[in-house]
Amino acid sequence: MSAEHIAGADPGKMFVHRNIANMVVPGDLNILSVVQYAVEVLKVQHVIVCGHYECGGVKAAMAGKKLGLIDQWLVNIKNVRDKYQAELDQIADDHARFDRLVELNVLEQVNHLVETASVQTMWANHKIPSLHGWVFNLRSGLLNEVVNLVPPLMPVAEKEKLTASIR
């Protein structure tokens, strides 16, 4: 299903970047260039990280099997898993734990967006964009909002408290 269809936007009205597990990896010139162009040149008002339940990248990271080159990418999801391991350990049902890791991954990727120079500059100077973290349910067709951040950014310590409290 296209991003335009999910968001109810006309074709060509969304600037879309895709990668495995919707990662915003600090140091990845591809995503950093996309974000910089979108927010500084196109001046988009909203940036959405939209994951989906049943994400193969998250599932592969959870399985912990060696898959080759992709392991270098999946380590980023494993870092999210490790950060929230105590919370995930409290979820007895494997499927519910998998769904929660998908949500936490989206949350962390939005947090990575906050840390980019482009978003920081635009928030300071233009008060755009709003950052959204969504998870699409492939079974029901419904979107689950995980996080919604509107500029100006709160202090980092406050952001950490907010991040920890979002469930």
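**Close-up views of a predicted model**

View 1. The buried residues of helix 4 are Asp71, Leu74, Asn76, Ile77, Lys78 and Val80. They pack against helix 3 and helix 6. An α-helix has 3.6 residues a turn, so residues three or four places apart point the same way.

**View 2. The largest nonpolar core holds 39 residues.** Val58, Ile77, Val102, Leu113, Leu131 and Leu149 touch the most other members. Helices and strands both contribute: helix 2 (29-41), helix 4 (71-83), strand 1 (46-52) and strand 3 (143-149) are among the elements that each supply at least two residues. Helix 6 gives the most, with nine residues.

**View 3. Leucine 113 makes contacts beyond its sequence neighbours.** Set aside the residues within four places in sequence. Leucine 113 is then in contact with Val24, Val35, Val47, Val49, Val119 and Leu131.

**View 4. The model has one aromatic pair.** The ring centres of phenylalanine 15 and tyrosine 37 are 5.7 Å apart. Their planes are at 50 degrees, so the pair is tilted. Phenylalanine 15 lies in the loop between helix 1 (3-7) and helix 2, while tyrosine 37 lies in helix 2. The pair therefore ties together parts that are 22 residues apart in sequence. Phenylalanine 15 is partly exposed, at 42% relative accessible area. Tyrosine 37 also counts as partly exposed, at 37%.

Methods: Residues numbered from 1 in each chain as written. Predicted model: local features only at pLDDT ≥ 70, side-chain atom pairs only at ≥ 80, totals over all residues. Heavy atoms only, no water. Core = buried A, V, L, I, M, F, W, Y, C linked by side-chain atoms within 4.5 Å. Buried < 20%, exposed > 50% of the residue type's maximum accessible area, 1.4 Å probe, protein only. Helix = DSSP H or I, 4+ residues; strand = E, 2+ residues; numbered from the N terminus. Contact = heavy atoms within 4.5 Å. Phe/Tyr/Trp six-rings, centres within 6.5 Å; stacked < 30°, edge-to-face > 60°.
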